[in-house]
Amino acid sequence: MASPDLSDLDAFVAVARARSFRGAAALRGVSASSLSDALRRLEAQLGVRLLNRTTRSVTPTEAGERLMERLAPALGEIAGALDAVNSFRDSPTGTLRLNVPVIVAKCILPPIACRFLAAHPGIRLEVTSNDTFVDVLAEGFDAGIRYEERVERDMIAVPIGPRVQRFVLAAAPSYLAKHGRPRHPKDLVDHACIRHRFASGVTISSWEFERDGEIVRISPDGPLIATAIELEVAAAVAGLGVISSFEEFLRPDLDSGALVPVLEEWWQSFSGPLLYYPSRTHMPAPLRAFVDFIRTGRGG
């Protein structure tokens, strides 16, 4: 029996990790049909089914699990050996895949990414944004960006972007003129509040405030729950309620006067985001270049 094509084996690992042809195709920048063709060739050549496919899911068979256990580390070693050649280039080449929160993708990463890509024209950056914590290796990413409480202890973490951020509270002048200004967080239970729902379906159930050691949590209610911050901000500017969000999202409207600060003395500060990646002997050249870029202060 002829040896299977290395690209077909790589396609199998990608699909098995993602549990989806479409998901693996999106990460690899190829078509789902090309991955499906690769799997058909591999299964025909090996004479055994490697993946169970339904309209809703893709899962490895027992044979597929066994193959992946042995194959994934071997492919990693091959990729590492090929990537080691990058150290002899004036500028590294390859693809860097990052998974980041929406706030980072919209407000923090753009200037950093642009400076990095200008400094490293041989690197392609692929960024996926969502607000759920993922296993970066299992999902095919090289690294992730998250906040401190969401980073696992066995990861290496490097600060990226602002060192301190804030959650702020604001409302339109028209809303405050009609409904009055809350003087204490507890007053918010009598106000219309605009709330955020993560793409995972989880809605922020409580707002937390702190001042001089006093912590207050309230359960807000109001006319809008949304996953899109643009819709939430538009509703607040239209005078439909009080909004709580990252300062970066609200700052343009605060500066223009479309929104005004509410309960400023209760705004909470927290540590800025961290670039995190698994500790391993060989770091892909694009990731190493990005980490070096961040560590030297150019990613601040």
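R195 is buried, with a relative accessible area of 14%. Buried means under 20% relative accessible area, exposed means over 50%, and partly exposed is in between, with a 1.4 Å probe and protein chains only. R195 lies in strand β8, residues 193-196. Strands here are DSSP runs of E with at least two residues, helices are runs of H or I with at least four, and both are numbered from the N terminus. What does R195 touch, not counting residues up to four places away in sequence? The list is T203, I204, W207, P220, D221, L224, I225, A226 and E232. A contact means heavy atoms within 4.5 Å.

A word on the source. This is a predicted model, where local features need pLDDT of at least 70 and side-chain atom pairs count only at pLDDT 80 or more, while totals for chains, interfaces and linings use all residues. Residues are numbered from 1 along each chain as its sequence is written, and side-chain values use heavy atoms, with hydrogens and water left out.

Now the whole chain. The secondary structure comes to 9 helices and 15 strands. The C-alpha trace spans about 80 × 45 × 30 Å along its principal axes. Of the 300 residues, 43% count as buried. Take the contacts with a separation of 6 or more: residues 24 or more positions apart account for 73% of them.

Next, the sheets. An open sheet of 5 strands runs in the order β4-β3-β5-β15-β6, and its pairing is mixed. Two strands pair if DSSP finds at least two bridges between them. The edge strands are β4 and β6, the latter at 155-159, and each pairs on one side only. Neighbouring strands of this sheet are turned against each other by 25° on average, direction ignored.

Look at one end of that order. β3 covers residues 94-100, β4 covers 123-129, and the two pair in the parallel sense over 7 bridges. Which residue in β4 stands opposite G94? I123 does.

On to β7, residues 164-171. It runs antiparallel to β14, residues 268-271, with 4 bridges. V164 has S271 in β14 as its bridge partner. β7 is also antiparallel to β12, residues 242-246, again through 4 bridges. There, L169 stands opposite S244. With β13, residues 260-261, β7 forms 2 bridges, also antiparallel. A171 stands opposite V260 in that pairing.

Then a helix pair. Two packed helices are described by the angle between their axes and the distance between the axes. The axes of α7, residues 229-237, and α8 come within 11 Å and cross at roughly 35°. Axes are lines fitted to C-alpha atoms, for helices over the stretch in contact, and angles run from 0 to 180 degrees between N-to-C directions. The crossing of α7 and α8 is right-handed, meaning the near helix is turned clockwise from the far one by less than a right angle. Which residues meet? From α7 they are I229, V233 and V237; from α8, F249, L250 and D253.

Stay with D253. It sits in α8, residues 247-256. Beyond its neighbours within four places in sequence, D253 is in contact with V233, V237, A258 and L259. D253 and A172 are 81 residues apart along the chain, and their C-alpha atoms are separated by 9.3 Å.

Now two backbone points. R19 is not a glycine, yet its phi is positive, about 55°. R19 is in the loop between α1 (6-18) and α2 (21-28). D212 also has a positive phi, near 55°, and is a residue other than glycine. D212 is in the loop between β9 (207-211) and β10 (214-218). Are these sites buried or exposed? R19 is partly exposed at 40% relative accessibility, and D212 is exposed at 79%.

Last, the cysteines. How many disulfides does a search of the whole structure find? It finds 0, with a disulfide taken as a pair of cysteine sulfur atoms within 2.5 Å. For C107, the nearest cysteine sulfur belongs to C114, 14 Å away. C107 is partly exposed, at 31% relative accessible area. C193 is buried, at 0%.
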